[in-house]
There are 2 protein chains.
Amino acid sequence: MTAPTSTSAVVTAGAALFAEELTRQGVATVDVDWRPPVSGTEDALATVMLDPRRVTANQEALARMVLARAQLTDVRPAAEVLDLQPGQFLHAGPPIEWERASGPLRGALIGATVFEGLADDPEAAERLLARGSLSWEPCHSRGAVGPMAGVVSPSMWMLELYDDVHDRYSWCSLNEGLGKVLRYGAYSAEVIDRLRWMTDVLGPALQAATRARGPIDVLAIIAQMIQMGDEGHNRNRAGTLMLLKEWLPDLIAADLRRADLAEVVRFVSGNDHFFLNVAMPACKLITRAASGIPGSTVVTTMARNGTDFGIQVSGTGEEWYVGPAQLADGLYLGGFGPDDANPDIGDSAIAETAGIGGFAMATAPAIVRFVGGTVPDALRTTARMYDLCVGENPSWAIPVLEFRGTPTGIDVTSVLRTGQLPQINTGMAGRVAGTGQVGAGLVTPPMECFTAAGHGLAAAVPSPHLPGVVRT
Amino acid sequence: MTAPTSTSAVVTAGAALFAEELTRQGVATVDVDWRPPVSGTEDALATVMLDPRRVTANQEALARMVLARAQLTDVRPAAEVLDLQPGQFLHAGPPIEWERASGPLRGALIGATVFEGLADDPEAAERLLARGSLSWEPCHSRGAVGPMAGVVSPSMWMLELYDDVHDRYSWCSLNEGLGKVLRYGAYSAEVIDRLRWMTDVLGPALQAATRARGPIDVLAIIAQMIQMGDEGHNRNRAGTLMLLKEWLPDLIAADLRRADLAEVVRFVSGNDHFFLNVAMPACKLITRAASGIPGSTVVTTMARNGTDFGIQVSGTGEEWYVGPAQLADGLYLGGFGPDDANPDIGDSAIAETAGIGGFAMATAPAIVRFVGGTVPDALRTTARMYDLCVGENPSWAIPVLEFRGTPTGIDVTSVLRTGQLPQINTGMAGRVAGTGQVGAGLVTPPMECFTAAGHGLAAAVPSPHLPGVVRT
């Protein structure tokens, strides 16, 4: 063979023998970390990679995500903002029928049915649900998001966020705290009583404070959180306190009984996860801004219903690509173990879809540590996510990475080419309806979502009109 | 020369030639970063290093620092808790007379004199102060601490912290916020009006909340802050919100007018530095626990009055070792520059003395960045401080350093042996009395404090009673 000129080098991948032989011959080599694409996706991947719209479409998707805004503008009942009728519910993840619904989703629907007064007890609620008298659809189908089971019923109060750049809203219910709560599939009397208090006292109080305060810049709070050890999914401690700080003066000035004021403040400040339900619709506004760009391979939704994991991709709009929800690797609350855990559930993976949560793990090493990992593991997780993304969000700078922006815009083609999956931080619900939370940990989507998305994207690539070629 | 046996190695330092020659001869060498001690301290250093009590005494000092506790137990007027009489003031740093007092210290004394009603205007106050009609002594002399000028007058309300392990109290005034404030030497009407409101409304409100709430574990809050990007000196954002969270329910339940409650909450939550005045007495309790151990070379106080920088060392108790206060290297508020800045002032370096502030810089790279540094600079600063300290505080774990404890217990001998100085984060006061804050930045003590301490410690080493040797 002829040695390349001195200004060239041979890029080698895979078997090291080839590079070694070239090196022996004095030829410069550059070793790259290449591996074959996920099996069965080679043709689809080639079609998508060769789509001339792809690069520009993904740049457009990234630009829209980075430019999106999210202001908390109101707190209102779901019936009012989502046009949810009695007997209608929303839930997390892709669509699912009762027969295939997981324990925690069934539990949350049972609880919501009792809470709405449609049934006197859980047994009656379950019968109503099982026989098809009630209806449910994904939160995402109405531009909303819900953590864990994500069940929303008409009487629940929703945080309303607005993106004034793209003139679009998103919503999420109010966070109930941890342990025995509806979103983890619990429906006991204490759960229903708490939901009643949230509807009677908490929702109206936060509405008064939000309306008096005026719009709160949620993305600015998230930017601060990332400087403060919160990754915005499993850790929202600083974010919750910063949100409360924004509300406090107007909350105090609102026409609330002193005891109710104290209880509202205690409830919000005592729940480190309160901000999650604000971060989630903010992330939904970001990812939704990138939706529907022809040719874009950027993931705009990752969501789970406890049975299926579903993703949506910019170039194919609202189409769901599903695979089996996985079990998280995590830490269990006292008395619970792996046998008690339900597979992955919740719309909260919208955090990772927008570039925080597991993608910002480098800023929250405590999360990795509590499942036995190390600080370098946390750094490596974020580093790996950069490889899957089309770009970075400069507004969300990670201090330990020398203020590099969070990895943003998961590219289906990068997942398929590398075989690496997005890292998601998550809570774990009990497998059996009524249990509640059993732990928290780390999980990934199933590869099936991405292989299906690859085929879906390939099918959406327009036929090339080559001269002299007639497609029949 | 004879080559060492194979299990030995030669430790080499200084000129590389020697190591290179040994290496050439096949002898293993270990290069260490040694440099000659600070000139003029060689004899004193040798005496102190050979003191057989030193190692054990420093271990004892570290143990006491790590075991100390600090609970916020009350908020009370200085007249009541410090037995401060009319016409008496406390101030930051070592003792100083009017003639040598810096602009910001003079300004704060002038403001406090007006605030206490001892003079009708600043001019009259200045005359009283200059002619010796009033008296002042260091906060440290009464176990208290004060940021910047640190002026405390009898009517000011103090945060009271208690160490139940060592049965000891410390105190600090309430933080006034930034800009034109007394502690930065401002004394205009707005400054005095704010102090009046703090005495009439804020102090009593926080007293009611603290008494109803019960003791607040300040060291636990600091431990959390260090996970949240606060180093506890120039950055106290998370700490302030976490403290407010502890107070809120009882503050709301207290017998306060709704408007006063709103103003108190707005004042505390709107000042990211509010927690500094809680962190400081907590750090004072830690360092004071290590004070007065014969033979210990651990620094227990670093404090500045705007003219002199003074340190106290465990083995010599309350003795001050002083040198000229330095100018900070920092960032100036709009319109101000280096010519406007006063030399270093304040007791807040108690933070670094206890192991946070500049010593925990690795956790707060934003602070280094705003004076033009980088994240690696922040990591290097903390790494360098480990070299100066006798140990670490495992309760204060820095995430990015894989949860290593903060460097704790500055050793005078390490400073003298390495020539490296402790790194302090600080605010900058205007040089001219009445100006207020002009910036914030980084500073070090003058080496003179440590050389003087070296001599002081050497003088305190008991005479060796060697057999056959009679000292005359």
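How many bridges pair strand β6 of chain B with β7(B), and in which sense? The answer is six, in the antiparallel sense. The legends below start from that pairing.

**Numbering and model.** This is a predicted model, in which local features need pLDDT of at least 70, side-chain atom pairs count only at pLDDT 80 or more, and totals for chains, interfaces and linings use all residues. Residues are numbered from 1 along each chain as its sequence is written, while chains are lettered from A and ligands numbered from 1 in the order in which they are written.

**View 1. A four-stranded open sheet in chain B.** The strands follow the order β7-β6-β3-β8 in chain B, and their pairing is antiparallel. Strands (E, at least two residues) and helices (H or I, at least four) are DSSP runs, numbered from the N terminus. Two strands pair if DSSP finds at least two bridges between them. β7 (168–173) and β8 (216–217) of chain B are the edge strands; each has a single partner strand, so one side of each lacks a neighbour in the sheet. Strand β6 of chain B spans residues 157–163. Tyr162(B) has Tyr169(B) in β7(B) as its bridge partner. Helix α11 (residues 276–289) of chain B packs on this sheet. α11 touches β3 (71–77), β6 and β7 of chain B. The direction of α11 makes about 150° with that of β7(B). Contact here means that the C-beta atoms of two residues, placed from the backbone, lie within 7 Å. Axes are lines fitted to C-alpha atoms, for helices over the stretch in contact, and angles run from 0 to 180 degrees between N-to-C directions.

**View 2. A three-stranded open sheet in chain B.** The order is β12-β17-β16, with antiparallel pairing. At the edges stand β12 (329–332) and β16 (424–429) of chain B, each with a single partner strand, so one side of each is left without a neighbour in the sheet. Neighbouring strands are turned by 25° against each other on average, direction ignored. β16(B) and strand β17 (residues 437–443) of chain B run antiparallel, joined by six bridges. Thr426(B) has Gly441(B) in β17(B) as its bridge partner.

**View 3. Helices α9 and α10 of chain B, packed together.** α9 covers residues 237–253 and α10 covers residues 258–269. Their angle is about 170°, and their axes lie 10 Å apart. α9(B) is therefore roughly antiparallel to α10(B). Angles over 145 degrees count as roughly antiparallel, under 35 as roughly parallel, 65 to 115 as roughly perpendicular and the rest as oblique. From α9(B), the contact residues include Leu241(B) and Leu244(B). From α10(B), they include Val264(B) and Val268(B). The contact has seven nonpolar, two polar and no charged residues. In these classes, Ala, Val, Leu, Ile, Met, Phe, Trp, Tyr, Cys and Pro count as nonpolar, Asp, Glu, Lys and Arg as charged, and the others, Gly among them, as polar.

**View 4. Helix α7 of chain B against α9(B).** α7 spans residues 189–213. The two helices pack at about 110°, with axes 8 Å apart. α7(B) and α9(B) are therefore roughly perpendicular. Among the contact residues are Ala205(B) and Arg213(B) of α7(B), and Trp247(B) and Asp250(B) of α9(B). By class, the contact has seven nonpolar, no polar and three charged residues.

**View 5. Where chain A meets chain B.** In this contact, 24 residues of chain A meet 24 residues of chain B. α9 (237–253), α10 (258–269) and α13 (365–369) of chain A each supply at least two residues of the side that touches chain B. α9(A) gives the largest share, eight residues. This side of chain A has 16 nonpolar, four polar and four charged residues. 100% of the interface residues of chain A are also interface residues in chain B, so the copies meet through the same surface.

**View 6. α9(A) packed with α10(B).** The angle is about 170°, with the axes 9 Å apart. α9(A) and α10(B) are therefore roughly antiparallel to each other. Lys245(A) and Leu248(A) are among the contact residues of α9(A), and Arg258(B) and Val265(B) among those of α10(B).
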